[in-house]
Structures are given as structure tokens and as C-alpha cells.
Amino acid sequence: MRGRIEAYYRTLGALPLRTRVTDGGGRTLALETAFDQITERIRAAHRDGGKLMFVGNGGSAGIASHMAIDYSKNGNLRSLAFNDGAALTCLGNDLGYSQVFARQIELHGRAGDVLIAISSSGSSPNILNAVEVARATGCWVMTLSGFAEDNPLCRLGDVNFHTPNGEYGFVEITHLALLHAILDLHLGWAPVETAATETP
């Protein structure tokens, strides 16, 4: 069991740095270049009166809500997630589940806003529709996906993160880690040098 646990964490620990990042034209970006572009864009959106909008289903919805709170409270960046239960059930019932995020972006999105679209599979219709509407609205789009390397979502953003793994847990935790890293570095995080301690 110990060996399996160690293998699990080795796999998980390696994934953020193995995540492939591309721009809107499919060109590979260095992770640091992508982080710089995203940080500049989210700061500009806030400075110009805009906001960050997070969308995701299931575990990715949890990430969306978590990050909307952290980017707002800790990052001082206007942020929201479209996960209100009444909104989802109303729009799902009236328009179909594929439109639950797209319709909210139609109502609340503005040119210059940032959409952060999270989908482990990269093929959820409601996430793809959200990106389409965000694009039509003039939003800048960042995507996070996993599973198949050629999933549709990983070609639709201005910056796209594809985590090369087919298991939900690994992909979701990596997406959370990437988003946390962008926020923490925006806030000025730097490694702390610690003195080696002697063992008795």
C-alpha cells in the first residue's frame, strides 16, 4: 500500500508541470508565459471595471465556486461563479441544461470580462456553449481541460491548459492547483528559505 500511495502522489505532483498550455492559435506556451498573460489580463479586466466568470460542472463547479471566492476575497478581483441552484434549475428546465451557463453570460458578461471555463473532459456542451457566448460578447477566455488531448475545449480559449491524464481526481486537483498558483503568484507568493534542522 505504501508504494501505491507514493506512486499516487508522484503522479499528482508531476501533473501541473506536465500540463500543456496553448494559445488561441494552438501554439505551445511556456507555463510562465501563460501565467504572465493571464495575470496581466485579469488585472486589466478588474482595472477597467470588468470581472472574472468561472464555470464548471460537478467537481469543476466546486472549483469554480472556490476560485471565485478566493479571487474576490484574497485577490481583490471582481469574480463570480454561475452555480446558483435556482438559476441552474430554472434555466435547465426552461432552456435545457446545455444553456445554463451561456444564458447567464449573455445576461452578465461584458466585453473585456474574463471567462474561466473548467471541464475535465473538455466536451461538456454547456461549457462549450458558454465559451461561444463569451467570445461573441467580447470576453477573453481561459480554458482548463483534461482527458483526450484533442478535446474541443482545449482549442477554444486565448490560453488553454490541458492536463494529460484521464482520471477525474488527478485532473480536477491539477486544475485547482493551477488556478491557485495564478492567484498566489498574483498576490506575490515566493518560496521561503528555511534552515535545515538537525535530527536528534
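In the predicted model, helix 2 (31–47) meets helix 7 (168–186) through Leu-31, Phe-35, Ile-38, Thr-39, Ile-42 and Arg-43 on the helix 2 side and Leu-178, Ala-181, Ile-182, Leu-185 and His-186 on the helix 7 side, contact being heavy atoms within 4.5 Å. By class, this contact has 8 nonpolar, 2 polar and 1 charged residues; Ala, Val, Leu, Ile, Met, Phe, Trp, Tyr, Cys and Pro count as nonpolar, Asp, Glu, Lys and Arg as charged, and the others, including Gly, as polar. The two axes, of helix 2 and helix 7, come within 10 Å and cross at roughly 65° (lines fitted to C-alpha atoms over the stretch in contact, with angles from 0 to 180 degrees between N-to-C directions). Helix 2 and helix 7 are therefore roughly perpendicular (65 to 115 degrees).

Helices are DSSP runs of H or I with at least four residues, and strands are runs of E with at least two, numbered from the N terminus. Helix 7 has 19 residues and reaches 27 Å between its end C-alpha atoms, close to the expected 27 Å (1.5 Å times one less than the number of residues). Its buried residues (under 20% relative accessible area, 1.4 Å probe, protein chains only) include Phe-170, Val-171, Thr-174, Leu-178 and Ile-182. The buried residues of helix 7 pack against elements including helix 1, helix 3 and strand 4. Just after helix 7, Gly-188 takes a positive phi of about 100°.

Residues are numbered from 1 along each chain as its sequence is written. Local features need pLDDT of at least 70 and side-chain atom pairs pLDDT 80 or more, while totals for chains, interfaces and linings use all residues, and side-chain values use heavy atoms, without hydrogens and water.

Key:
Buried < 20%, exposed > 50% of the residue type's maximum accessible area, 1.4 Å probe, protein only. Parallel < 35°, antiparallel > 145°, perpendicular 65-115°, else oblique.
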